[in-house]
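Dear colleague,

Please find below the structure that I am handing over to you. My findings follow it.

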Amino acid sequence: MTVLDVRNLSVDFQTEGGRLEALKQVSFTVPANRSVGVVGESGCGKSTLINAVLGLLADNGEITSGEIVFEGGKDLARLDADSMRALRGQRIATVFQDPMGALNPVLSVGRQMRDIQYRSGLSKRDKDARSVAMLRKVRIPDPESRLAQFPHEFSGGMKQRIAIAMALMMEPALLIADEPTTALDATLEVATIELLKDLQRDIGCSVLFISHHLGVIAELCDEMIVMYAGEVVESGTTREIFHDARHPYTQRLLACDPARLSHRVPRLPTIAGTLPDLRHRPPGCVFQPRCDRADTQCLTVPPRASLGGSHSARCWHAEVPLAEVTA
Amino acid sequence: MRGILREPLGALGLTLVAVVVLSAIFAGVLTSYAPSKISPTERFASPSLLHLLGTDHLGRDLFTRVLYGGRIALMIALGATLASLVVGVVLGLIAGYGPRWLDNIMLLVFDAVKSFPTVMLALTLVTLFGPSLYAVVLVVMLVNVPGYARIIRTQTLVLKSAEHVMAARSMGASATRILGIHILPNIIGPILILVSMDVPVVVAIEAGMSFLGLGVRPPTPSWGAILNDGFANIRDSYWIVIAGGLPIVLTTLGFTFLGETLRDLFDPRLKRRS
Amino acid sequence: MSAGSLLEVNDLRVSFRVGGLSARLAGRATEIEAVSGVSFSLDRGSTFALVGESGSGKTTLARALNGLQPAVAGSIRFDGQELRGLSNAGMKPVRQRMPMMFQDPVGSLSPRLSVRSLLTEPFAIHGLSNRDLDTEVRRLLALVGLPRDFAERYPHQLSGGQARRVGVARAIALDPVLVIADEPTAGLDVSVQGEVLNLLNDLRDRMGLSMLIITHNLHVVRQIADRMAVMYLGRFVEQGETEAIFTKPRHPYTAALLSANPEPDPDKVHQRISLPADVPSLLARPKGCEFHTRCPQAQPRCSTEAPLPVVVGDSRLTCHFPLNT
């Protein structure tokens, strides 16, 4: 079963400087009980993608083509606002970088967790019991007595765990996690990833995990897509991409990660050039102006080259293996 | 500027303000009468080509008095507002950036001054100094300064710990430099809008005080004084009340529309909410 | 003081008052020591990294060195001069030679100033406006690899990496001897991170700069710092040569930090040292060794007796039962 199936999604924004293609022909699927990572640097369209799925695009944004099929039925790209609102928080839950986005500072944690369960029809006591169980799952010590406390009485790491507990309270089919560990310290980040992994297995939901941190994606996700300038340039299982990336952008991105270096190097690898202006996309391959493998063929849009299994890359030269780049 | 004209209310506001300002500046050209010249033979005249708005109980040309009254109204409104702004900004910056104890004392003073009712304040000042143009300016400043200073203080406090201010401090920048270059330019915008919206309030204060005889001394023309003359002689001619009231209403509306349009242009979020 | 050392910090303490009058009347603790007896020295031309998690006091320490935060005890000797207790006026010439870079690449630039004004500000502050400022701006932009026409841009028109370069240019404007950089790569994409670190390394080599880098990113430390110190609750728990600490961490906290780095390899088998519980509050420091509440190696002695720093060669360690010995 596929929980989320995004097909040829394109999103445009109307800006003062003209139309901006924020997403172009984005396709990927999130299978049931799997974690899919979305990796990319700033400006790659990660936020636009999440907002499109959640039906929260800004007023000047518009889905120009494509479908977002949720649980094999509804097309979220065409769903009315009321039905969309009914899905959010119940079937599709979200966790963001800043947990205070999900927590109301003036209400106790217990009250907020009760409020999420308004559709459950449970008594107040049963709701609180479920809240306590959920807080225990996210490893908040002594949850019974902490229900009465307010968000500011918890540490940053605990706040994020409470936000996760609230997101998973209604056992959603899909959890969208947008850089949930970026603001946390390393020791907490690792703990939060472990927690998300356990919870996902426990509850049996799918996770769409957005991050710029390659290490986090590698640890948490089964499959991943790599985005650049609003396009999916490569997708496959996490193992395929980390061991056998074929798109030059993915290869360079992996090479740039200092976590791959086990010793000091005289010069850190970088990606020359800058992101193209999305109002005037370069002809052909979107990465071509920064790519050292680019030739005249790259001036025409490359096909999605299948590399076996689910692995594919949008590149004319997808045959060069990763080892030759990082060596 | 083009943005203001695109909004119908903004265009109307700008037109009204332009008319009032221009007629005040060119009062001497637009009329051949002197504002205080009494003409007993022409009392309570209705509007005519000779007297566009008629005459009052002393036979003075009302159109002329309205034009010259506009001068007074605008001079006081703009002068007093500008003075309030300058004093408010300076006090606000000092309170926000200075030591904590000074801030506490200044806040106490701001709140104390602000808690006086305007009318009582006006009466007290007039009793002390006698009715005059300066009394009006002083009242306006006492009413406005605490509010402006408080807003500037709060914004200064917020920016005081901002990274770009810390960076300037770490370079060894002086307090005046930090306040003038790194703080004030970032907080002055919203205040200017607020101040422009206060101009009509000041027009009303001046008119009100002059109406009560606490402001500009007769025979100097003032819209409030004209209004007062009108009320005293309402049985003989209703034109005087109209001549005194209409410019107050139009000026107030003009500045309010203009201020609101400016605010919306600078901060579109406020507009969507309303 | 050894001949080569540029900055010598001894037993430095910085504290904050928290809570108001009510807290004081209720008898609650009202002082927290954010930096608690820190000692280290930085050699000329070398780079020293301060590593710690949020709340460890590393930023406060940096601000104390620059005089933005008064130190309550200890000494800071910079190029032979004692800095603690200097007035703002006394600090001014020091700040010219010891500029500081702040975390937020865009936020640390004044939003209404053009890049040109930002870059000429150090000259204006230190009374050097008589220099040919146009030439200086061009020189600085070239040094950090930005095109000339960037002088006319404003901070909001810059990407994170470009803004960071402007920040670097401003820091090196007056030929400093020591640059203090608080999280120089925070908020930057990985591909841009490398560029900034390469730039900092280049400038250090070319200008003979010394650098003090504050970061929570251990990968950054390894690529840029000669020596490093690990901070926990305002104290240094371990300091020494970067490579030595990376290969053989001796403090259990250092070891846990190093193991907590998610690595880009899905098949990697992790031997994680997971730290239980949260960081204790500075208002209620644990007794004995302050790390014992979270330490996987803690023994009864650790909760009663505070370990003293042990100096071995040029490394320093505060632990009763060090690892890798």
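This is a predicted model: local features need pLDDT of at least 70, side-chain atom pairs count only at pLDDT 80 or more; totals for chains, interfaces and linings use all residues.

In chain C, helix α6 (residues 160-171) packs against helix α7 (residues 190-207) at an angle of about 15°, their axes lying 10 Å apart. Axes are lines fitted to C-alpha atoms, for helices over the stretch in contact, and angles run from 0 to 180 degrees between N-to-C directions. α6(C) is therefore roughly parallel to α7(C), a label given to angles under 35 degrees. To this contact α6(C) contributes G160(C), G161(C), R164(C), R165(C) and V168(C), while α7(C) contributes V192(C), E195(C), V196(C), L199(C) and L200(C); two residues are in contact if their C-beta atoms, placed from the backbone, lie within 7 Å. Helices (H or I, at least four residues) and strands (E, at least two) are DSSP runs, numbered from the N terminus.

Residues are numbered from 1 along each chain as its sequence is written, and chains are lettered from A and ligands numbered from 1 in the order in which they are written.

In chain A, four strands form an open antiparallel sheet in the order β2-β1-β4-β5, where strands pair if DSSP finds at least two bridges between them. β2 (18-31) and β5 (74-75) of chain A are the edge strands, each with a single partner, so one side of each has no neighbour in the sheet.

Chain B has an average pLDDT of 84, and 96% of its residues score at least 70.

Yours sincerely

Note on methods. pLDDT is the predictor's confidence in each residue, from 0 to 100. Angles under 35 degrees count as roughly parallel, over 145 as roughly antiparallel, 65 to 115 as roughly perpendicular and the rest as oblique.
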